[in-house]
Structures are given as structure tokens and as C-alpha cells.
Amino acid sequence: MDTHVARILDEVPFTPEDLPDYGGRLFDFLIANPHQLRLATWNRMERTDRDTGPVQLAVSMRQKTEAIARAQTAGSLPEVFPAEDLLTFVLALASAWTPASPVIPAALDSAVLRTHRDAVIEAVRRLVAG
């Protein structure tokens, strides 16, 4: 699992100064690599109460949350939501239309995906508009 987390981190750099763009790029990655989210979902289902999950994932989430908190303190992101919640909302929006989602068809055509991508970016933009 750490290998898959590292791949996402390498291919989709986190940009707290532009969370809408990050959400769009993460959406693109997850659509192009649907197995990534399926593996992450399976990993979550297999965890126990005492299992913290993959080390790289925990480090990544902590670093992203801290980066958002710093941006909030600096005034470049609003403090409407705590940093951890804001990150969770961005991740959820970016993954909402992936094939692993229980509410969508297994495949969507490119025009529909572009519309959903645009909606993800707009939703994240509104989250951070303050």
C-alpha cells in the first residue's frame, strides 16, 4: 500500500495554495488509475481499531493537514473548516466520480468526466473561497 501511496504523492504533488487545482489533478489521477482507490478502500476495510494503516499514508495526511493549517494561519486559506476537515472534503470530492464509487456507472465517457472534473474544481474553489 505504501508503494501506491508513494506513486500518488509523486504524480500528484500537493498544492495547499491551489486546492482546486490539486482536486482536479487528483481526480484525473484517480480516473486514470481506478485500482489505486480500490486498493485504498480495501485497505481501510481490513484495518483493525489499533491499525494506523500504511506509514506513508499517515505521514502524507499529517503533512498535508499541517500545510493547510499553515496556509490558514498565513491567511491564504480560510479557517471556516479545520485543516483536517478541509483536506478530507477535497479528497472526497476528488474521488466522488471514480469507478470505485457505489453511486455511479462503472465507466463514464470523456465529456461527462470533464463535466464532473469541472464540478470538483468548482466545489473545492467554493470550499476555499472563505
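Q: At roughly what angle do the axes of α2 and α6 cross, and within what distance do they come?

A: Before the numbers, a word on what you're looking at: this is a predicted model, where local features need pLDDT of at least 70, side-chain atom pairs count only at pLDDT 80 or more, and totals for chains, interfaces and linings use all residues. Residues are numbered from 1 along each chain as its sequence is written, and side-chain values use heavy atoms, leaving out hydrogens and water. Now the general idea: two packed helices are described by the angle between their axes and the distance between the axes. Axes are lines fitted to C-alpha atoms, for helices over the stretch in contact, and angles run from 0 to 180 degrees between N-to-C directions. Here, α2 and α6 cross at roughly 150 degrees, and their axes come within 8 Å.

Q: Which residues of α2 and α6 make the contact?

A: Contact means heavy atoms within 4.5 Å. From α2 you get Leu19, Pro20, Gly23, Gly24, Arg25, Phe27, Asp28 and Ile31, and from α6 come Leu113, His116, Arg117, Val120, Ile121, Val124 and Arg125. Sorted by type, the residues of this α2 and α6 contact are 8 nonpolar, 3 polar and 4 charged. In that count, Ala, Val, Leu, Ile, Met, Phe, Trp, Tyr, Cys and Pro are nonpolar, Asp, Glu, Lys and Arg are charged, and the others, Gly among them, are polar.

Q: How do α5 and α6 run relative to each other, roughly parallel or roughly antiparallel?

A: The rule is that angles under 35 degrees count as roughly parallel, over 145 as roughly antiparallel, 65 to 115 as roughly perpendicular and the rest as oblique. Helix α5 (residues 83–95) and helix α6 (residues 110–127) cross at roughly 165 degrees, with axes that come within 9 Å, so the two are roughly antiparallel. Leu86, Phe89, Val90, Leu93 and Ala94 on the α5 side touch Val120, Ala123, Val124 and Leu127 on the α6 side. The residues of that α5 and α6 contact are 9 nonpolar, with no polar and no charged ones.

Q: And what about α2 and α5: at about what angle do they pack?

A: Helix α2 (residues 19–32) packs with α5 at about 40 degrees, the axes being 8 Å apart, which means α2 is oblique to α5. Leu19, Tyr22, Gly23, Leu26, Phe27 and Leu30 of α2 meet Leu86, Val90, Leu91, Ala94 and Ser95 of α5. This α2 and α5 contact holds 9 nonpolar, 2 polar and no charged residues.

Q: Is His116 buried or exposed?

A: Buried means under 20% relative accessible area, exposed over 50%, and partly exposed in between (1.4 Å probe, protein chains only). His116 sits in helix α6 and has 15% relative accessibility, so it counts as buried. Its C-alpha lies 9.2 Å from that of Ala96, 20 residues away in sequence.

Q: Where is Gly130 found, and what is it in contact with?

A: Gly130 belongs to the segment after α6 and is exposed at 74% relative accessible area. Beyond its neighbours within four places in sequence, Gly130 contacts Pro78 and Val80.

Q: How many helices and strands does the chain have?

A: The chain has 6 helices and 0 strands, where helices (H or I, at least four residues) and strands (E, at least two) are DSSP runs numbered from the N terminus. Of its 130 residues, 34% count as buried.
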